Amino acid sequence: MNADHIIELMSRRQRQILVHSYLYYDKNSNLIDDSTWSKWAEELVELQYAYPERAKKTPYYEQFLDFDASTGFNLDFRRPEIISRAEHLLAYSLRKD
């Protein structure tokens, strides 16, 4: 994997974890199952450990410094861009059903 791909993957996992943590903790909603969330979280932890310098280039680096993949409860998922994305996904999911 090249450096750009690793940074993009870490960034995507960070956003996914934040969005789905917001949905779970603030909206009492699950669009993904717990095992998917755990898989993403564990992958992010492994990537950050393997590529610490690249992790520093991700948008939510500071938030995920001590992240251990056990929970998203203590993350700052109440940011406008996270809420917006989460609400969009939730609305899409409700329209689809």
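The legends below describe close-up views of a predicted model. Residues are numbered from 1 along each chain as its sequence is written, and side-chain values use heavy atoms, with hydrogens and water left out. Because this is a predicted model, local features need pLDDT of at least 70 and side-chain atom pairs count only at pLDDT 80 or more, whereas totals for chains, interfaces and linings use all residues.

**View 1**
Helix 1 (3-26) and helix 2 (34-50) each supply at least two lining residues, and the largest share, five residues, comes from helix 1; helices here are DSSP runs (H or I) of at least four residues. By class, the lining has six nonpolar, eight polar and two charged residues.

**View 2. The nonpolar surface patch.**
Tyr24, Tyr25 and Phe73 make a nonpolar surface patch of about 330 Å², where a patch joins nonpolar side chains within 5 Å, from residues with over 30% relative accessible area and no salt bridge. Phe73 lies in the loop between helix 3 (52-55) and helix 4 (80-96), and with a relative accessible area of 57% Phe73 is exposed (over 50%; buried is under 20% and partly exposed in between, with a 1.4 Å probe and protein chains only).

**View 3. The salt bridge between Arg78 and Asp26.**
Arg78 forms a salt bridge with Asp26, the closest N and O atoms being 2.7 Å apart; the term requires a side-chain nitrogen of Lys or Arg within 4 Å of a carboxyl oxygen of Asp or Glu. Arg78 lies in the loop between helix 3 and helix 4 and Asp26 in helix 1, so the pair ties together parts that are 52 residues apart in sequence. Both partners are partly exposed, Arg78 at 48% and Asp26 at 33% relative accessibility.

**View 4. Two further salt bridges.**
A search of the whole structure finds six salt bridges, among them the pair of Lys56 and Glu53, whose closest N and O atoms are 3.1 Å apart. Lys56 is partly exposed at 45%, whereas Glu53 is exposed at 52%. The side chains of Arg79 and Asp76 also meet in a salt bridge (3.3 Å, N to O), with Arg79 partly exposed at 28% and Asp76 partly exposed at 37%.

Note on methods:
Ala, Val, Leu, Ile, Met, Phe, Trp, Tyr, Cys and Pro count as nonpolar, Asp, Glu, Lys and Arg as charged, and the others, Gly among them, as polar. Patches are made of residues with over 30% relative accessible area and no salt bridge: like charges are joined within 9 Å, nonpolar side chains (Val, Leu, Ile, Met, Phe, Trp, Tyr) within 5 Å. Accessible areas come from the Shrake-Rupley method with a 1.4 Å probe; for residues, only the protein chains shown count as cover.
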